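Hi,

Here is the structure I promised to pass on.

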Amino acid sequence: MRIGVDVGGTFTDVTAVDDAGVFHIAKLPSTPQDQSLALRDGVGEVLAGTGTAPDRVGYLGHGTTVATNTLLEADGSSTALLVTDGFRDLLEIARQKRPSLYDLTSRKPRILVPRSLTFEVAERVGAGGEVLRPLEDAEIDRVVRAVRDSGASAVALCLLHSYRNDAHEVALADALAAALPEVYLSRSSEVAPEFREYERMSTTVINAFVGPRMRRYVSRLAERTARLGIPVAPRIIQSGGGLVSPESVARRPVTTLLSGPSAGVAGAAWVAELSGHKNLITFDMGGTSTDVCLIKDGRATTTAERSIEGYVVRVPSAGVHTVGAGGGSIAGVDGAGALRVGPRSAGARPGPAAYGQGGDRATVTDANVVLGRLNPGQGLSSSLHLDAPAAEAVVTAVAARIGLDTVDGAAGVVRLANSHMARAVRTVSVEIGEDPRDYALVAYGGAGPLHAVEVAREVGIRTVLVPPHPGTLCALGLLVSDIRTEFVQSVLAPLSVGGLPELSAALDRLTATAGEWYEREGVPEGQRRSTFTLALRYRRQNFELDVELPPGPLDEDAVARLTHSFHALHERTYGFHHPDAGIRIVGATVTACQAVAAPAAETLPAGDGDVSRALTEHRDVVFRDAAGDHSARPTPVYRREHLMQGDRVDGPAVIEQMDSTVVLVPGSHGTVDTYGTLIVEVGTDV
């Protein structure tokens, strides 16, 4: 059996596939105090439910939010920072950017390392890697004593130009490891060996800040899975989508800041390709937030740098955009008397009022209960059922504050949440020059199928795909992702024959680094697949585009092909190119990969066209009519597991399953395809 476990802010999702290709899923509340507890319980539930012995588990994939939560809650380790003499304040100075240009009261995020724990080192390496000021042994001893006296439990080393020459960082790291073996070390020349001093420092500091907690977590994770009797170590997914060992995560935990969302992107791409769709916008609405990502020709957009709540991280990651709109997003009224939804969330505890666990704030989930879209009689997990009166009470309180009745208030909450999510969809499409009408929306997460059709209409998308198990798709993504990681190296050379020696040296270093990683991960020689990309830009540009390095020798022909590819990519991206402008190589990336065989996809038997076999009831559900008014209408409710290949369900309708609920608004209809995916034609308002 192969098992994937994704731990989210509200729920932990489990997807398993057995030897016969049959999928099994489970959904249970997350355990924020220790995410490995939910993983243990979820795996145990699947094994018990299928009668599978633990020693039959041959693969265990995991998506986690431990590093993300540690950063967002600023609850990491006491961290010291070692910098080149004269650069003590670089982390706080950062860049000449204002997060909100006209907001005079906007606040920068908390600095993760206070000035008192930032230590200057008497050394200097030049921009070309030459040593301008040697690092003396006496200076190393002084710095080690200062770190010991500070009591810091983690150290970030970020010396000037160490991406060119890391000898001084390595010497300091070796001395610290020998004198303070319990202290977590994060070296910039290992974590993010790139130019752009602030971004490199920020990434290295975050890696150190979350490092000790992540190291403890992966250790507990390995212990708990071993106690279950599972013979394989878990693999953890990174922000870029590749799975790695706990040991790799302990070395570079900063690569897991988007662990869960990247698994969902992989799962969505796999499911959609089975249904014949390669141009997608993923739409993952969970309990805390909504994540969206654009996939073009089957490949997700990626980014080399992103900001998470104001903290800059420079590691390869899926191009996921996140907004604070989820099922648990809290609805309220602001100081001006306007309705607000999110970004604050009720989380897993206490959760929405409808969960009956003490929540007393109206949320998007509560609004959906009031509108009849969620069934109070259907459990969200084996231990969690909805409390409709509690949901109605908190929604009524919010609606009364803006002069609306309960139903209109609930409809307003849902419509505002949809607006936030539609804006996110435009961000990953329209804002990068893509027309969302050319893409299908893949709806997943526990709440995604509830809102997807209305969000699609708002942005002009015509087709929505709902996977067979949308609420646990991120866990499925763990089963179809490769074992993979990326290593980056700054190059800073012209794209010309004269720049090839420097590029070749950088590629040699990356090849050696990838080889060491393959050995640590236990990847057999014949299964190692390395590909290279170059970050290129015109002279005097500030940002670069990634171009894949063609196979073959590094020679004049390779330069010509790279030049042609870059001009064409620049034209597609920005609408112009400069054929006579010089091109610079800024960096090189190696992607080291071991392909994982994806599970066989289940197929459904053909139906007879009579969907009454799946009909369970008619329930009053509130929809907006053509005049913009909200009213309840008797709506058929179907069980998803009783629908078969070729079945068509016309809206308005509700389709329920254990892990999610699909809402088909009036004017839309859904058809079940061969693999059980619901293909929804959005239609128009009626």
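The largest cavity holds about 50 Å³ of space. Before going on: this is a predicted model, where local features need pLDDT of at least 70, side-chain atom pairs count only at pLDDT 80 or more, and totals for chains, interfaces and linings use all residues. Residues are numbered from 1 along each chain as its sequence is written, and side-chain values use heavy atoms, with hydrogens and water left out.

Searching the whole structure gives two cavities of 30 Å³ or more. A cavity here is a set of points, on a 1 Å grid over the protein atoms alone, where a 1.4 Å probe fits but cannot get out, and lining residues have an atom within 4 Å of a point. Grid points are joined across faces, edges and corners, and the volume is the space filled by probe spheres set on the points.

Around the largest cavity you'll find Gln238, Gly240, Arg252, Thr255, Pro316, Thr485 and Glu486. That lining splits into one nonpolar, four polar and two charged residues. (Ala, Val, Leu, Ile, Met, Phe, Trp, Tyr, Cys and Pro count as nonpolar, Asp, Glu, Lys and Arg as charged, and the others, Gly among them, as polar.)

The second largest cavity has about 40 Å³ of space. Its lining includes Arg252, Pro316 and Glu486, and it divides into six nonpolar, no polar and four charged residues. Strand 25 (residues 483–494) supplies the largest share of that lining, three residues. Helices (H or I, at least four residues) and strands (E, at least two) are DSSP runs, numbered from the N terminus.

**An enclosed strand**

Have a look at strand 13 (residues 280–285) next: six of its six residues are buried, so the rest of the structure largely encloses it. Buried means under 20% relative accessible area, exposed over 50%, and partly exposed in between (1.4 Å probe, protein chains only). Leu280, Thr282 and Asp284 point one way from the strand, while Ile281, Phe283 and Met285 point the other way.

Which strands does it pair with? Strand 14 (residues 290–296) runs antiparallel to strand 13, joined by six bridges, and strand 23 (residues 440–444) pairs with strand 13 in the parallel sense over five bridges. (Two strands pair if DSSP finds at least two bridges between them.) Strands 13 and 14 form a hairpin with four residues between them, and isoleucine 281 has leucine 294 as its bridge partner in strand 14. On the strand 23 side, aspartate 284 stands opposite tyrosine 444.

Most residues other than glycine have a negative phi, and most peptide bonds are trans. Here are the exceptions I noted:

- Glycine 342 and proline 343 are joined by a cis peptide bond, with omega about -5 degrees; proline 343 sits in strand 22 (residues 339–345).
- Glycine 651 and proline 652 are also joined by a cis peptide bond, with omega about 5 degrees.
- Arginine 196 is not a glycine, yet has a positive phi of about 80 degrees; at 14% relative accessibility it counts as buried.
- Aspartate 297 has a positive phi too, near 55 degrees, but this residue is exposed, with a relative accessible area of 55%.

Cheers

Definitions and conventions:
On a 1 Å grid over the protein atoms alone, a cavity is a set of points where a 1.4 Å probe fits but cannot get out, and a pocket is an open set with protein on both sides within 12 Å along at least five of seven lines; lining residues have an atom within 4 Å of a point.
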